[in-house]
Amino acid sequence: MADTTLTEGAAGAPARKPFPLAGVAVPLLALALLAYPFVFRLPFQHNLMILVFLYASLGQAWNILGGYAGQSSLGHAAFFGVGAYASSLLLVKFGIVPWVGMLAGGLVAVALSLLIGYPSFRLKGHYFVIATIVLAEIIYILFTNWPFAGGAEGLFLPLLPEGVVNFEFHSSKIPYYYIIFAILAVVTTVVFFVERSKLGFYFRAIREDPDAARSLGIDITRYKLIAMALSAFFTGVCGTFYAQFVLFIEPNNSLNFMLSVLIMLIPVFGGSGTLWGPILGAFILIPLSEFTRVYLSGAGRAIDLTLYGLLIMLVAIFEPRGLWAVVTRFRSRETLKWRFWKSQV
Amino acid sequence: MLQVNDIFVAYGGTPALHGVSFEVPAGQIVSIVGSNGAGKSTILRAISGMLKPTRGVIEFLGEPIQRFPAFRIVQRGIAHVPEGRRLFSKLSVFENLLVGAYTKKSPTFRQKTLEQIFSIFPRLKERQSQRAGTLSGGEQQMLAIGRALMSEPKLLMLDEPSLGIMPVLVDRLFDVIKEINQSGITVLLVEQNVQRSLEIAHRAYVLQTGEIVLRGTGQELLASEQVRGAYLGL
(Lines give C-alpha, C1' and ligand atoms only; values in the text may rest on other atoms or scores of the structure.)
Protein backbone atom coordinates (compact mmCIF):
# COMPACT_ATOMS: atom_id res chain seq x y z
CA MET A 1 0.00 0.00 0.00
CA ALA A 2 1.71 3.03 -1.31
CA ASP A 3 -0.72 5.22 0.54
CA THR A 4 0.66 4.16 3.90
CA THR A 5 4.18 5.02 2.85
CA LEU A 6 2.88 8.43 1.89
CA THR A 7 1.49 9.09 5.32
CA GLU A 8 4.55 7.61 6.95
CA GLY A 9 6.59 10.11 5.02
CA ALA A 10 4.78 12.81 6.92
CA ALA A 11 4.78 11.14 10.30
CA GLY A 12 8.28 9.75 10.05
CA ALA A 13 9.78 13.18 9.62
CA PRO A 14 10.64 15.00 12.84
CA ALA A 15 7.26 16.05 14.14
CA ARG A 16 6.72 17.79 17.45
CA LYS A 17 4.32 15.47 19.18
CA PRO A 18 3.63 16.95 22.58
CA PHE A 19 2.19 15.60 25.81
CA PRO A 20 0.23 12.34 25.29
CA LEU A 21 -3.10 14.11 25.10
CA ALA A 22 -4.89 11.34 23.23
CA GLY A 23 -3.43 8.53 25.31
CA VAL A 24 -3.87 9.84 28.83
CA ALA A 25 -5.69 13.13 29.18
CA VAL A 26 -8.67 12.35 26.96
CA PRO A 27 -9.61 8.99 28.52
CA LEU A 28 -9.20 10.50 31.99
CA LEU A 29 -11.37 13.46 31.11
CA ALA A 30 -13.96 11.20 29.51
CA LEU A 31 -14.09 9.01 32.64
CA ALA A 32 -14.47 12.04 34.86
CA LEU A 33 -17.32 13.33 32.73
CA LEU A 34 -19.02 9.92 32.75
CA ALA A 35 -18.88 9.90 36.55
CA TYR A 36 -19.92 13.55 36.90
CA PRO A 37 -23.71 13.08 37.27
CA PHE A 38 -23.20 10.76 40.23
CA VAL A 39 -20.74 13.03 41.97
CA PHE A 40 -22.69 16.22 41.43
CA ARG A 41 -26.31 15.33 42.01
CA LEU A 42 -28.20 18.62 41.82
CA PRO A 43 -30.47 19.07 38.81
CA PHE A 44 -28.83 22.44 38.23
CA GLN A 45 -25.45 20.76 37.96
CA HIS A 46 -26.82 18.25 35.48
CA ASN A 47 -28.57 20.94 33.51
CA LEU A 48 -25.37 22.98 33.37
CA MET A 49 -23.30 20.20 31.89
CA ILE A 50 -26.03 19.23 29.44
CA LEU A 51 -25.92 22.77 28.09
CA VAL A 52 -22.13 22.72 28.00
CA PHE A 53 -22.18 19.51 25.94
CA LEU A 54 -24.96 20.80 23.71
CA TYR A 55 -23.10 23.99 22.88
CA ALA A 56 -19.80 22.16 22.56
CA SER A 57 -21.44 19.86 20.00
CA LEU A 58 -22.90 22.84 18.16
CA GLY A 59 -19.56 24.62 18.22
CA GLN A 60 -17.84 21.49 16.98
CA ALA A 61 -20.35 21.17 14.13
CA TRP A 62 -19.82 24.82 13.20
CA ASN A 63 -16.09 24.22 13.39
CA ILE A 64 -16.18 21.82 10.42
CA LEU A 65 -17.46 24.54 8.13
CA GLY A 66 -16.21 27.69 9.80
CA GLY A 67 -12.99 26.45 11.35
CA TYR A 68 -11.59 23.92 8.91
CA ALA A 69 -13.12 24.98 5.60
CA GLY A 70 -12.96 28.66 6.59
CA GLN A 71 -16.53 29.56 5.67
CA SER A 72 -17.90 31.47 8.64
CA SER A 73 -21.62 31.05 9.01
CA LEU A 74 -23.80 33.25 11.16
CA GLY A 75 -26.92 31.34 10.26
CA HIS A 76 -26.47 28.04 12.03
CA ALA A 77 -29.61 28.61 14.08
CA ALA A 78 -31.50 27.77 10.89
CA PHE A 79 -30.08 24.24 10.86
CA PHE A 80 -30.63 23.88 14.57
CA GLY A 81 -34.20 25.12 14.25
CA VAL A 82 -35.21 22.94 11.32
CA GLY A 83 -33.71 19.96 13.15
CA ALA A 84 -35.82 20.77 16.19
CA TYR A 85 -38.96 21.43 14.16
CA ALA A 86 -38.57 18.37 11.92
CA SER A 87 -38.56 15.88 14.78
CA SER A 88 -41.17 17.78 16.80
CA LEU A 89 -43.61 18.03 13.90
CA LEU A 90 -43.12 14.37 13.09
CA LEU A 91 -43.85 13.54 16.73
CA VAL A 92 -46.76 15.92 17.29
CA LYS A 93 -48.51 15.47 13.96
CA PHE A 94 -47.63 11.91 12.98
CA GLY A 95 -46.58 10.25 16.21
CA ILE A 96 -43.17 9.30 14.88
CA VAL A 97 -40.49 8.46 17.47
CA PRO A 98 -38.01 11.31 18.01
CA TRP A 99 -35.06 9.03 17.26
CA VAL A 100 -36.30 8.74 13.70
CA GLY A 101 -37.08 12.44 13.92
CA MET A 102 -33.49 13.11 14.89
CA LEU A 103 -32.23 11.47 11.72
CA ALA A 104 -34.92 13.29 9.74
CA GLY A 105 -33.95 16.56 11.46
CA GLY A 106 -30.33 16.07 10.49
CA LEU A 107 -31.26 15.28 6.92
CA VAL A 108 -33.64 18.23 6.59
CA ALA A 109 -30.83 20.43 7.86
CA VAL A 110 -28.52 18.92 5.24
CA ALA A 111 -31.07 19.57 2.50
CA LEU A 112 -31.46 23.16 3.68
CA SER A 113 -27.70 23.61 3.84
CA LEU A 114 -27.26 22.47 0.25
CA LEU A 115 -30.07 24.75 -0.84
CA ILE A 116 -28.47 27.69 0.96
CA GLY A 117 -24.89 26.69 0.21
CA TYR A 118 -25.03 26.25 -3.51
CA PRO A 119 -25.92 29.84 -4.36
CA SER A 120 -24.19 31.52 -1.42
CA PHE A 121 -20.81 29.79 -1.88
CA ARG A 122 -20.39 31.96 -4.93
CA LEU A 123 -19.96 34.75 -2.40
CA LYS A 124 -16.70 35.26 -0.58
CA GLY A 125 -15.78 36.39 2.91
CA HIS A 126 -18.12 38.94 4.43
CA TYR A 127 -20.70 38.49 1.69
CA PHE A 128 -21.04 34.82 2.56
CA VAL A 129 -21.54 35.69 6.24
CA ILE A 130 -24.24 38.20 5.37
CA ALA A 131 -25.99 35.68 3.13
CA THR A 132 -26.13 33.15 5.97
CA ILE A 133 -27.62 35.75 8.33
CA VAL A 134 -30.26 36.72 5.81
CA LEU A 135 -31.21 33.15 4.98
CA ALA A 136 -31.50 32.22 8.65
CA GLU A 137 -33.75 35.25 9.19
CA ILE A 138 -35.95 34.10 6.31
CA ILE A 139 -36.34 30.70 7.96
CA TYR A 140 -37.15 32.43 11.26
CA ILE A 141 -39.88 34.53 9.65
CA LEU A 142 -41.30 31.55 7.78
CA PHE A 143 -41.67 29.53 10.96
CA THR A 144 -43.11 32.47 12.87
CA ASN A 145 -45.87 32.70 10.28
CA TRP A 146 -46.49 29.04 9.60
CA PRO A 147 -49.64 27.94 11.50
CA PHE A 148 -48.98 24.22 10.91
CA ALA A 149 -45.72 24.52 12.85
CA GLY A 150 -47.39 26.47 15.65
CA GLY A 151 -46.43 29.90 14.36
CA ALA A 152 -45.09 32.37 16.88
CA GLU A 153 -46.68 30.45 19.77
CA GLY A 154 -44.50 27.46 19.14
CA LEU A 155 -45.08 23.77 19.72
CA PHE A 156 -45.54 21.91 22.99
CA LEU A 157 -44.29 18.38 22.75
CA PRO A 158 -46.65 15.80 24.29
CA LEU A 159 -45.66 14.42 27.65
CA LEU A 160 -45.13 10.73 27.06
CA PRO A 161 -44.15 7.97 29.47
CA GLU A 162 -40.47 8.42 30.07
CA GLY A 163 -37.96 6.05 28.56
CA VAL A 164 -35.34 5.65 25.92
CA VAL A 165 -37.84 4.87 23.15
CA ASN A 166 -39.87 8.02 23.70
CA PHE A 167 -36.71 10.13 24.22
CA GLU A 168 -38.31 11.76 27.26
CA PHE A 169 -37.07 11.65 30.81
CA HIS A 170 -38.94 13.45 33.55
CA SER A 171 -37.71 12.17 36.90
CA SER A 172 -34.03 12.76 36.24
CA LYS A 173 -31.96 14.56 33.67
CA ILE A 174 -29.17 12.04 33.74
CA PRO A 175 -30.25 10.18 30.55
CA TYR A 176 -30.17 13.48 28.66
CA TYR A 177 -26.69 14.00 30.03
CA TYR A 178 -25.44 10.75 28.52
CA ILE A 179 -27.24 11.22 25.23
CA ILE A 180 -25.74 14.64 24.59
CA PHE A 181 -22.38 13.40 25.82
CA ALA A 182 -22.57 10.66 23.19
CA ILE A 183 -23.52 13.20 20.51
CA LEU A 184 -20.53 15.34 21.46
CA ALA A 185 -18.26 12.29 21.36
CA VAL A 186 -19.52 11.38 17.89
CA VAL A 187 -19.10 14.89 16.42
CA THR A 188 -15.66 15.21 17.96
CA THR A 189 -14.65 11.82 16.57
CA VAL A 190 -15.87 12.87 13.12
CA VAL A 191 -13.84 16.07 13.34
CA PHE A 192 -10.84 14.06 14.55
CA PHE A 193 -10.95 11.90 11.43
CA VAL A 194 -11.76 14.75 9.07
CA GLU A 195 -8.78 16.67 10.42
CA ARG A 196 -6.44 13.82 9.53
CA SER A 197 -8.02 12.83 6.22
CA LYS A 198 -7.48 14.19 2.76
CA LEU A 199 -10.86 15.83 3.14
CA GLY A 200 -9.28 17.86 5.94
CA PHE A 201 -6.35 18.92 3.73
CA TYR A 202 -8.74 20.08 1.06
CA PHE A 203 -10.82 22.02 3.59
CA ARG A 204 -7.72 23.73 4.92
CA ALA A 205 -6.39 24.38 1.43
CA ILE A 206 -9.69 26.08 0.58
CA ARG A 207 -9.52 28.13 3.77
CA GLU A 208 -5.90 29.17 3.13
CA ASP A 209 -6.27 30.14 -0.51
CA PRO A 210 -9.40 29.23 -2.46
CA ASP A 211 -7.97 30.41 -5.79
CA ALA A 212 -4.84 28.32 -5.41
CA ALA A 213 -6.96 25.31 -4.44
CA ARG A 214 -9.07 25.88 -7.53
CA SER A 215 -6.05 26.13 -9.78
CA LEU A 216 -4.85 22.75 -8.46
CA GLY A 217 -8.02 21.11 -9.66
CA ILE A 218 -10.05 21.04 -6.45
CA ASP A 219 -13.75 21.51 -7.08
CA ILE A 220 -14.03 23.95 -4.22
CA THR A 221 -17.81 24.34 -4.34
CA ARG A 222 -18.17 20.61 -3.87
CA TYR A 223 -15.90 20.54 -0.83
CA LYS A 224 -17.54 23.55 0.73
CA LEU A 225 -20.89 21.81 0.30
CA ILE A 226 -19.52 18.66 1.93
CA ALA A 227 -18.30 20.75 4.88
CA MET A 228 -21.61 22.55 5.12
CA ALA A 229 -23.65 19.35 4.92
CA LEU A 230 -21.62 17.66 7.66
CA SER A 231 -21.88 20.76 9.79
CA ALA A 232 -25.62 21.14 9.22
CA PHE A 233 -26.33 17.48 9.93
CA PHE A 234 -24.91 17.59 13.44
CA THR A 235 -26.44 20.98 14.11
CA GLY A 236 -29.83 19.54 13.13
CA VAL A 237 -29.30 16.53 15.40
CA CYS A 238 -28.55 18.92 18.27
CA GLY A 239 -31.78 20.72 17.43
CA THR A 240 -33.78 17.54 17.92
CA PHE A 241 -32.00 16.87 21.19
CA TYR A 242 -32.85 20.35 22.40
CA ALA A 243 -36.52 19.96 21.47
CA GLN A 244 -36.72 16.70 23.41
CA PHE A 245 -34.86 18.22 26.32
CA VAL A 246 -37.04 21.30 26.83
CA LEU A 247 -40.19 19.79 25.24
CA PHE A 248 -41.19 23.13 23.84
CA ILE A 249 -39.96 24.89 20.76
CA GLU A 250 -40.73 28.26 19.26
CA PRO A 251 -38.90 30.37 16.70
CA ASN A 252 -37.41 32.43 19.53
CA ASN A 253 -35.68 29.60 21.30
CA SER A 254 -34.51 27.59 18.33
CA LEU A 255 -34.16 29.90 15.35
CA ASN A 256 -33.09 33.23 16.70
CA PHE A 257 -30.06 35.20 15.66
CA MET A 258 -28.40 35.22 19.09
CA LEU A 259 -28.22 31.45 18.89
CA SER A 260 -26.31 31.72 15.60
CA VAL A 261 -23.95 34.18 17.24
CA LEU A 262 -23.35 31.88 20.19
CA ILE A 263 -22.73 28.88 17.95
CA MET A 264 -20.02 30.86 16.21
CA LEU A 265 -18.66 32.52 19.33
CA ILE A 266 -17.88 29.28 21.17
CA PRO A 267 -15.43 27.83 18.64
CA VAL A 268 -13.95 31.22 17.78
CA PHE A 269 -13.30 31.88 21.47
CA GLY A 270 -11.97 28.41 22.15
CA GLY A 271 -10.00 28.13 18.92
CA SER A 272 -11.65 27.50 15.58
CA GLY A 273 -10.05 25.01 13.25
CA THR A 274 -8.79 22.98 16.21
CA LEU A 275 -10.22 19.77 17.62
CA TRP A 276 -10.46 20.90 21.24
CA GLY A 277 -11.19 24.59 20.76
CA PRO A 278 -14.99 24.38 20.60
CA ILE A 279 -15.12 22.12 23.66
CA LEU A 280 -12.86 24.43 25.63
CA GLY A 281 -14.95 27.40 24.52
CA ALA A 282 -18.19 25.79 25.67
CA PHE A 283 -16.70 24.77 29.03
CA ILE A 284 -15.86 28.39 29.75
CA LEU A 285 -18.62 30.43 28.15
CA ILE A 286 -21.67 28.34 29.08
CA PRO A 287 -20.99 28.05 32.85
CA LEU A 288 -20.15 31.75 32.82
CA SER A 289 -23.53 32.58 31.39
CA GLU A 290 -25.38 30.11 33.64
CA PHE A 291 -23.73 31.32 36.84
CA THR A 292 -24.23 34.99 36.11
CA ARG A 293 -27.84 34.19 35.30
CA VAL A 294 -28.27 32.35 38.63
CA TYR A 295 -26.50 34.81 40.86
CA LEU A 296 -27.69 37.98 39.24
CA SER A 297 -31.12 36.69 38.15
CA GLY A 298 -32.80 39.07 35.74
CA ALA A 299 -29.84 41.38 35.47
CA GLY A 300 -27.61 38.42 34.61
CA ARG A 301 -28.82 38.16 31.06
CA ALA A 302 -27.09 41.29 30.03
CA ILE A 303 -24.07 40.67 32.23
CA ASP A 304 -23.14 37.38 30.58
CA LEU A 305 -23.15 39.00 27.14
CA THR A 306 -21.02 41.83 28.48
CA LEU A 307 -18.55 39.32 29.87
CA TYR A 308 -18.55 37.46 26.56
CA GLY A 309 -17.68 40.68 24.81
CA LEU A 310 -14.86 41.32 27.25
CA LEU A 311 -13.46 37.80 26.87
CA ILE A 312 -13.62 37.98 23.10
CA MET A 313 -11.73 41.26 23.20
CA LEU A 314 -9.07 39.75 25.44
CA VAL A 315 -8.69 36.75 23.14
CA ALA A 316 -8.57 39.00 20.09
CA ILE A 317 -5.81 41.07 21.66
CA PHE A 318 -3.65 38.35 23.17
CA GLU A 319 -4.28 35.25 21.08
CA PRO A 320 -6.45 35.73 17.99
CA ARG A 321 -6.25 32.03 17.22
CA GLY A 322 -8.36 31.33 20.29
CA LEU A 323 -7.82 29.96 23.75
CA TRP A 324 -6.64 26.57 22.57
CA ALA A 325 -3.62 28.22 20.98
CA VAL A 326 -2.66 29.47 24.45
CA VAL A 327 -2.86 25.89 25.72
CA THR A 328 -0.76 24.50 22.87
CA ARG A 329 1.83 27.20 23.35
CA PHE A 330 2.18 26.17 26.97
CA ARG A 331 2.09 22.51 26.04
CA SER A 332 4.90 22.69 23.48
CA ARG A 333 7.07 24.48 26.03
CA GLU A 334 6.42 21.67 28.49
CA THR A 335 7.35 19.08 25.86
CA LEU A 336 10.60 20.87 25.19
CA LYS A 337 11.44 20.67 28.89
CA TRP A 338 10.45 17.02 28.92
CA ARG A 339 12.64 16.24 25.88
CA PHE A 340 15.55 18.07 27.47
CA TRP A 341 15.13 16.15 30.68
CA LYS A 342 14.94 12.84 28.82
CA SER A 343 18.06 13.65 26.84
CA GLN A 344 19.91 14.23 30.10
CA VAL A 345 19.03 10.85 31.59
CA MET B 1 -1.08 21.16 -28.15
CA LEU B 2 -2.62 24.41 -26.97
CA GLN B 3 -4.25 26.74 -29.44
CA VAL B 4 -5.52 30.12 -28.33
CA ASN B 5 -7.72 31.78 -30.93
CA ASP B 6 -8.71 35.41 -30.81
CA ILE B 7 -9.68 35.58 -27.13
CA PHE B 8 -11.09 38.64 -25.43
CA VAL B 9 -11.08 38.99 -21.66
CA ALA B 10 -12.40 41.91 -19.64
CA TYR B 11 -12.27 42.72 -15.93
CA GLY B 12 -15.64 44.25 -15.22
CA GLY B 13 -15.99 46.57 -18.16
CA THR B 14 -12.28 47.11 -18.69
CA PRO B 15 -10.85 45.04 -21.52
CA ALA B 16 -7.59 43.29 -20.70
CA LEU B 17 -7.04 41.14 -23.78
CA HIS B 18 -8.29 42.03 -27.22
CA GLY B 19 -8.05 39.25 -29.74
CA VAL B 20 -5.01 37.33 -28.54
CA SER B 21 -4.00 34.30 -30.62
CA PHE B 22 -1.01 32.03 -30.19
CA GLU B 23 -0.09 28.41 -29.99
CA VAL B 24 1.98 26.17 -27.80
CA PRO B 25 3.29 23.13 -29.67
CA ALA B 26 3.84 19.93 -27.69
CA GLY B 27 7.26 19.51 -26.12
CA GLN B 28 8.35 23.13 -26.38
CA ILE B 29 8.99 25.99 -24.03
CA VAL B 30 6.93 28.98 -25.07
CA SER B 31 7.48 32.37 -23.45
CA ILE B 32 5.19 35.32 -23.33
CA VAL B 33 7.00 38.51 -22.43
CA GLY B 34 5.74 42.01 -21.94
CA SER B 35 5.70 44.80 -19.41
CA ASN B 36 3.59 45.10 -16.31
CA GLY B 37 -0.12 45.19 -17.06
CA ALA B 38 0.25 43.91 -20.60
CA GLY B 39 -2.11 41.05 -19.78
CA LYS B 40 0.33 38.18 -19.39
CA SER B 41 -1.18 36.77 -16.22
CA THR B 42 -4.64 37.28 -17.65
CA ILE B 43 -3.81 34.91 -20.49
CA LEU B 44 -2.77 32.19 -18.07
CA ARG B 45 -5.80 32.77 -15.88
CA ALA B 46 -8.06 32.48 -18.91
CA ILE B 47 -6.43 29.22 -19.97
CA SER B 48 -6.70 27.66 -16.52
CA GLY B 49 -10.38 28.63 -16.24
CA MET B 50 -10.00 31.17 -13.44
CA LEU B 51 -11.38 33.79 -15.84
CA LYS B 52 -13.82 33.25 -18.66
CA PRO B 53 -13.05 34.86 -22.00
CA THR B 54 -15.94 36.84 -23.44
CA ARG B 55 -15.00 35.74 -26.94
CA GLY B 56 -12.65 33.33 -28.64
CA VAL B 57 -11.66 29.71 -28.39
CA ILE B 58 -9.02 27.96 -26.31
CA GLU B 59 -8.30 24.50 -27.61
CA PHE B 60 -6.28 21.95 -25.69
CA LEU B 61 -5.46 18.69 -27.46
CA GLY B 62 -8.16 19.48 -29.97
CA GLU B 63 -10.86 20.12 -27.37
CA PRO B 64 -12.33 23.58 -26.67
CA ILE B 65 -11.85 24.22 -22.95
CA GLN B 66 -12.75 27.88 -22.53
CA ARG B 67 -16.08 27.08 -20.86
CA PHE B 68 -14.73 24.42 -18.50
CA PRO B 69 -14.57 25.06 -14.76
CA ALA B 70 -11.03 25.30 -13.40
CA PHE B 71 -10.96 21.84 -11.85
CA ARG B 72 -11.86 20.14 -15.12
CA ILE B 73 -9.03 21.90 -16.91
CA VAL B 74 -6.55 20.54 -14.38
CA GLN B 75 -7.98 17.07 -15.00
CA ARG B 76 -7.30 17.54 -18.72
CA GLY B 77 -3.62 18.09 -17.95
CA ILE B 78 -2.92 21.80 -17.53
CA ALA B 79 -1.23 22.93 -14.33
CA HIS B 80 -0.95 26.58 -13.40
CA VAL B 81 1.64 27.97 -10.99
CA PRO B 82 0.07 31.30 -10.15
CA GLU B 83 1.95 34.52 -9.66
CA GLY B 84 3.15 35.00 -6.10
CA ARG B 85 3.18 31.22 -5.61
CA ARG B 86 -0.03 31.06 -3.58
CA LEU B 87 1.08 28.27 -1.27
CA PHE B 88 -1.01 27.03 1.63
CA SER B 89 1.35 28.59 4.10
CA LYS B 90 -0.03 26.90 7.21
CA LEU B 91 0.07 23.45 5.65
CA SER B 92 3.31 21.50 5.61
CA VAL B 93 5.40 21.08 2.48
CA PHE B 94 4.22 17.51 2.24
CA GLU B 95 0.56 18.48 2.63
CA ASN B 96 0.92 21.12 -0.06
CA LEU B 97 2.22 18.48 -2.44
CA LEU B 98 -0.58 16.14 -1.47
CA VAL B 99 -3.20 18.76 -2.28
CA GLY B 100 -1.51 19.17 -5.65
CA ALA B 101 -2.08 15.48 -6.34
CA TYR B 102 -5.80 15.99 -5.97
CA THR B 103 -6.67 14.88 -9.50
CA LYS B 104 -4.57 11.72 -9.23
CA LYS B 105 -6.40 9.09 -7.27
CA SER B 106 -3.94 6.24 -7.68
CA PRO B 107 -1.58 6.08 -4.68
CA THR B 108 1.18 4.27 -6.62
CA PHE B 109 1.29 7.00 -9.23
CA ARG B 110 1.25 9.62 -6.54
CA GLN B 111 4.17 8.00 -4.76
CA LYS B 112 6.12 7.82 -8.01
CA THR B 113 5.47 11.48 -8.85
CA LEU B 114 6.39 12.47 -5.33
CA GLU B 115 9.74 10.74 -5.65
CA GLN B 116 10.38 12.39 -9.01
CA ILE B 117 9.66 15.77 -7.53
CA PHE B 118 11.91 15.09 -4.57
CA SER B 119 14.67 14.13 -6.99
CA ILE B 120 14.30 17.45 -8.82
CA PHE B 121 13.98 19.41 -5.58
CA PRO B 122 15.89 17.55 -2.85
CA ARG B 123 15.32 20.53 -0.56
CA LEU B 124 11.62 19.81 -0.47
CA LYS B 125 12.26 16.31 0.78
CA GLU B 126 14.42 17.62 3.61
CA ARG B 127 11.76 20.10 4.58
CA GLN B 128 8.64 18.07 4.02
CA SER B 129 7.24 18.41 7.52
CA GLN B 130 7.96 22.13 7.74
CA ARG B 131 5.22 24.68 7.24
CA ALA B 132 5.26 26.07 3.71
CA GLY B 133 5.20 29.63 5.04
CA THR B 134 8.57 29.18 6.72
CA LEU B 135 10.45 28.35 3.51
CA SER B 136 12.64 30.89 1.74
CA GLY B 137 11.35 32.58 -1.41
CA GLY B 138 13.27 30.27 -3.70
CA GLU B 139 12.17 27.16 -1.84
CA GLN B 140 8.58 28.37 -1.94
CA GLN B 141 8.77 28.77 -5.69
CA MET B 142 10.20 25.25 -5.97
CA LEU B 143 7.34 23.99 -3.84
CA ALA B 144 4.78 25.81 -5.98
CA ILE B 145 6.23 24.18 -9.09
CA GLY B 146 6.45 20.81 -7.36
CA ARG B 147 2.85 21.10 -6.23
CA ALA B 148 1.74 21.80 -9.79
CA LEU B 149 3.76 18.84 -11.08
CA MET B 150 1.93 16.54 -8.67
CA SER B 151 -1.06 16.59 -11.02
CA GLU B 152 1.22 15.11 -13.72
CA PRO B 153 0.39 17.82 -16.23
CA LYS B 154 1.01 17.73 -19.94
CA LEU B 155 1.28 21.51 -19.97
CA LEU B 156 2.85 23.48 -17.13
CA MET B 157 2.11 27.20 -17.00
CA LEU B 158 4.42 29.35 -14.90
CA ASP B 159 3.53 32.89 -13.96
CA GLU B 160 6.55 35.02 -13.04
CA PRO B 161 8.50 32.22 -11.39
CA SER B 162 11.61 34.36 -10.89
CA LEU B 163 9.76 37.08 -9.01
CA GLY B 164 11.14 37.70 -5.52
CA ILE B 165 13.91 35.14 -5.75
CA MET B 166 17.53 35.92 -5.05
CA PRO B 167 19.57 36.28 -8.26
CA VAL B 168 21.76 33.22 -7.62
CA LEU B 169 18.70 31.04 -7.52
CA VAL B 170 17.23 32.49 -10.71
CA ASP B 171 19.81 30.57 -12.78
CA ARG B 172 18.96 27.39 -10.96
CA LEU B 173 15.27 28.04 -11.55
CA PHE B 174 15.65 28.39 -15.29
CA ASP B 175 17.74 25.20 -15.33
CA VAL B 176 14.92 23.43 -13.54
CA ILE B 177 12.39 24.70 -16.06
CA LYS B 178 14.54 23.31 -18.87
CA GLU B 179 14.91 20.03 -17.01
CA ILE B 180 11.16 19.73 -16.59
CA ASN B 181 10.68 20.45 -20.28
CA GLN B 182 13.23 17.81 -21.23
CA SER B 183 11.30 15.26 -19.21
CA GLY B 184 8.47 15.73 -21.72
CA ILE B 185 6.30 18.43 -20.18
CA THR B 186 5.37 21.37 -22.38
CA VAL B 187 5.97 24.72 -20.67
CA LEU B 188 4.20 28.03 -21.09
CA LEU B 189 6.20 30.70 -19.33
CA VAL B 190 5.24 34.24 -18.49
CA GLU B 191 8.11 36.41 -17.31
CA GLN B 192 9.35 39.89 -16.76
CA ASN B 193 12.89 38.59 -16.93
CA VAL B 194 12.85 38.95 -20.70
CA GLN B 195 16.46 38.03 -21.35
CA ARG B 196 16.41 34.72 -19.49
CA SER B 197 13.00 33.61 -20.65
CA LEU B 198 13.80 34.30 -24.31
CA GLU B 199 17.05 32.39 -23.97
CA ILE B 200 15.34 29.17 -23.00
CA ALA B 201 12.24 29.60 -25.17
CA HIS B 202 11.72 27.68 -28.40
CA ARG B 203 9.07 30.14 -29.36
CA ALA B 204 8.08 33.49 -27.91
CA TYR B 205 5.47 36.20 -28.07
CA VAL B 206 5.59 39.82 -27.05
CA LEU B 207 2.41 41.11 -25.49
CA GLN B 208 1.60 44.81 -25.35
CA THR B 209 -1.58 46.24 -23.80
CA GLY B 210 -3.60 43.13 -24.46
CA GLU B 211 -2.34 42.37 -27.94
CA ILE B 212 0.43 40.25 -29.37
CA VAL B 213 2.74 42.57 -31.26
CA LEU B 214 5.66 40.32 -32.07
CA ARG B 215 6.28 36.63 -32.46
CA GLY B 216 9.16 34.39 -33.38
CA THR B 217 11.70 32.01 -31.94
CA GLY B 218 13.39 32.99 -28.73
CA GLN B 219 16.61 33.80 -30.55
CA GLU B 220 14.85 35.92 -33.18
CA LEU B 221 13.18 38.04 -30.52
CA LEU B 222 16.42 38.40 -28.60
CA ALA B 223 17.97 39.79 -31.75
CA SER B 224 15.09 42.06 -32.67
CA GLU B 225 15.65 45.80 -32.34
CA GLN B 226 12.22 46.33 -30.87
CA VAL B 227 12.71 43.88 -28.01
CA ARG B 228 16.25 45.00 -27.33
CA GLY B 229 15.15 48.61 -27.16
CA ALA B 230 11.95 48.25 -25.19
CA TYR B 231 12.66 45.37 -22.82
CA LEU B 232 16.37 44.82 -22.56
CA GLY B 233 17.39 48.45 -22.46
CA LEU B 234 20.05 48.00 -25.12
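Visitor: Which residue lies over the face of B:Phe88, and at what distance from the ring centre?

Guide: First the rule: a charge sits over a ring if NZ of Lys or CZ of Arg is within 6 Å of the ring centre and within 35 degrees of the ring normal. Here B:Arg147 lies over the face of B:Phe88, 4.9 Å from the ring centre. In chain A, the charged end of A:Lys93 sits over the ring of A:Phe148, 4.6 Å from its centre.

Visitor: What are these values based on?

Guide: This is a predicted model, where local features need pLDDT of at least 70 and side-chain atom pairs count only at pLDDT 80 or more, while totals for chains, interfaces and linings use all residues. Residues are numbered from 1 along each chain as its sequence is written, chains are lettered from A and ligands numbered from 1 in the order written, and side-chain values use heavy atoms, without hydrogens and water.

Visitor: Where do A:Phe53 and A:Phe283 lie?

Guide: Helices are DSSP runs (H or I, at least four residues), numbered from the N terminus. A:Phe53 is in helix H3 (residues 43–68) of chain A and A:Phe283 in helix H13 (residues 277–318) of chain A, so the pair ties together parts 230 residues apart in sequence.

Visitor: Is A:Phe53 buried or exposed?

Guide: Buried means under 20% relative accessible area, exposed over 50%, partly exposed in between (1.4 Å probe, protein chains only). A:Phe53 is buried, at 0%. A:Phe283 is partly exposed, at 30%.

Visitor: How many residues does the contact take from chain A and from chain B?

Guide: Contact means heavy atoms within 4.5 Å. Chain A gives 26 residues and chain B gives 28 residues. Buried area is the accessible area (1.4 Å probe) that two parts lose on being put together, summed over both. Chains A and B bury about 2,700 Å² between them, 62% of it on carbon and sulfur atoms.

Visitor: How many salt bridges are there between chain A and chain B?

Guide: A salt bridge needs a side-chain nitrogen of Lys or Arg within 4 Å of a carboxyl oxygen of Asp or Glu. The count is three. A:Asp211 and B:Arg86 meet in a salt bridge, at 3.7 Å, N to O.

Methods. Helices (H or I, at least four residues) and strands (E, at least two) are DSSP runs, numbered from the N terminus.
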